[in-house]
Structure formats: C-alpha cells, structure tokens
Amino acid sequence: MNIVILLGAPGSGKGTVAGRMHESADGIAHLSTGDLLRGAVKAGTPAGVEAKAYMTKGELVPDTIIAQMVADYIAENASLQTVLLDGFPRNVAQADMLSDLLTSKGITLKCALMLEVSDATVINRISGRRVCPTCGAGFNVNILPPKVDGICDACGAELITRADDCPETVANRLNVYREQTFPLIAYYRDRNLLRSIDGEHDDLDRKVADALKAIQ
Ligand code: AMP
C-alpha cells in the first residue's frame, strides 16, 4: 500500500478531486476522515458521540480518536494499492502518529499533495456546497451543480447544507486550518514529500489530471 495525503483548506476541493481520482484511476481508494466521522455520528458509535460536540463547533476531534479510526481502516484494507487520505493528518501530532503507524506497517508515504486556493475561493466554494444525506455525494451550486436543482444526481434524495458549513462554524474551521493544519505544508516540504497543484480554476478534469500526474 502507498499513502498520498491531500492537503488544502476546507472547501479547497480535496474531497471532490479525491473522489474523481478514485473513479478515474484503478487502484486508488479515497478515505475522507470527515465522512468517516459523520458516519460514526450518524451510527451513534461511542467515537461518534464524542466527536459530534467538536464537529458542531468546527473544532478538531481528539487526535487519538481519529488516529485509531485511520489505523483500523488501514488494517482492514491492507490489500489496497494507493489510499488518498483526505482530511488526515490535520496537525503535526497527527502527522507524527501517521508516520509511526506507516513505519510499523512497512507502508510508504508517497507524497502530500497540496491544493492551492485563495481565501476568496474557499469562502465561495463552501457557501455553495451541498451534500446528499443518503449516499454522501457532493455538489456545489456554483461550480458543480446537480442536474435537477436541490436533488442528488446519484440517488434522487433532497440535498442539504452540512451543519458545519454555516458561516460561524466555517470561520472557526478556517482559523483551525490556519493555526493547526497549515504547518503541515512546511512539515512535508522539509521531508521532501510536498507536491502542489493549482486548485483555483473550476475545471475538475484538469485538476484531476494534474493531481494524478503529481502523485506519480
Ligand atoms: P471535513 O469533512 O474534512 O471538513 O471534516 C469535518 C470535521 O470533522 C472537521 O471540522 C473536524 O471536526 C472533524 N475532522 C475531520 N478530520 C479530522 C482530523 N483528522 N482530526 C480531527 N478532526 C477531524
């Protein structure tokens, strides 16, 4: 197994690009820790119950909870070729935990891929974001609208805005990103693992092609 970390602000398009990379190239899996946590919250697991309070405020859930979830996923999916980590690690402590985990399992960290976007784009993207509560598909009314307004293309359910995409929580998530996640750019650059692509333009096919090239 190879690991590729996706870095970028909330709303930078990590999930959309990773989902499309998974669809367009064989052997690429996509693990979104946000999706994993939302699933745990929905299912009411002990980890989900604990995580919910942090997520509602736009704070990071405790490192040990999320690191254990990622470790379980890797153990259960050992035969996967490449796993795109979307949303993990989120701070230097998690990056160290990941490094220890991968070393203990003999797994290679191929690179950390940064999606570069401006603050204005991030705000615009998050305000347009809609998700399907049934199948998890993601849309954006500004750049990736569903075929029928407000309805999921994949399963026909009514789309919703994520609870933590409200303006107050978004502001906090961006602060958390700047303070805790941004230092990971230097962390991976220092280890010669940082790659970056332009995430600013709206052409998803081009971004996916750039991303696939960058992680080769
Ligand atoms: P996301 O879908 O990646 O924007 O994540 C949504 C929320 O889940 C975040 O605001 C955090 O509360 C939580 N979360 C996701 N990944 C992590 C992580 N690696 N560490 C801590 N909290 C996380």
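Me: Why does Ile123 count as partly exposed?
Reply: Relative accessibility decides it. Buried means under 20% relative accessible area, exposed means over 50%, and partly exposed is in between (1.4 Å probe, protein chains only). Ile123 has 48% relative accessibility, so it counts as partly exposed.

Me: What is this model, and which residues count in it?
Reply: It is a predicted model: local features need pLDDT of at least 70, side-chain atom pairs count only at pLDDT 80 or more, and totals for chains, interfaces and linings use all residues. Residues are numbered from 1 along each chain as its sequence is written, and side-chain values use heavy atoms, with hydrogens and water left out.

Me: Where does Ile123 lie?
Reply: In helix H6, residues 119-128. Helices here are DSSP runs of H or I with at least four residues; strands are runs of E with at least two; both are numbered from the N terminus. The C-alpha atoms of Ile123 and Val170 are 47 residues apart along the chain and separated by 8.3 Å.

Me: Why does Gly138 count as partly exposed?
Reply: Gly138 has 43% relative accessibility, so it counts as partly exposed. It is found in strand S6, residues 138-140.

Me: Which residues is Gly138 in contact with, leaving aside its neighbours within four places in sequence?
Reply: Arg130, Val131 and Leu144. Contact means heavy atoms within 4.5 Å. As for Gly19, its C-alpha is separated from that of Gly138 by 9.5 Å, and the two are 119 residues apart along the chain.

Me: Why is Val17 called buried?
Reply: Its relative accessible area is 1%, so Val17 is buried. Val17 is found in helix H1, residues 14-24. Beyond its neighbours within four places, it is in contact with Leu115, Leu204, Lys207, Val208 and Ala211.

Me: What makes Thr169 buried?
Reply: A relative accessible area of 8% does, so Thr169 is buried. Its place is in helix H7, residues 167-181. Not counting residues up to four places away in sequence, Thr169 touches Met55, Thr56, Lys57, Gly58 and Asp164.

Me: Is Asn192 buried or exposed?
Reply: The relative accessible area of Asn192 is 62%, so it is exposed. Asn192 is found in the loop between helix H8 (183-190) and strand S7 (194-198).

Me: What is the phi of Asn192?
Reply: About 60°, a positive phi, although Asn192 is not a glycine. Most residues other than glycine have a negative phi, and most peptide bonds are trans.

Me: Where is there a cis peptide bond?
Reply: Between Phe88 and Pro89, with omega about -5°. Pro89 is found in the loop between S3 and H5.

Me: How do you know that H4 has the span expected at 1.5 Å a residue?
Reply: The expected span of a helix is 1.5 Å times one less than its number of residues. Helix H4 (residues 63-76) has 14 residues and reaches 20 Å from its first C-alpha to its last, close to the 20 Å expected.

Me: Which residues of H4 are buried, and what covers them?
Reply: Ile65, Ile66, Ala67, Met69, Val70, Ala71, Tyr73 and Ile74 are buried. Their cover includes strands S1 (2-7), S2 (28-32) and S3 (82-86). It also includes helices H2 (33-43), H3 (46-57) and H5 (92-105).

Me: What does the secondary structure of the chain come to, and why is the chain called as compact as a globular protein of that length?
Reply: There are nine helices and seven strands. The radius of gyration is 16 Å, close to the 17 Å that the globule rule gives for 216 residues, so the chain is as compact as a globular protein of that length. That radius is taken over C-alpha atoms, and the rule is 2.2 Å times the number of residues to the power 0.38.

Me: How much of the chain counts as buried?
Reply: 45% of its 216 residues. Among contacts in the chain with a separation of 6 or more, 70% come from residues 24 or more positions apart.
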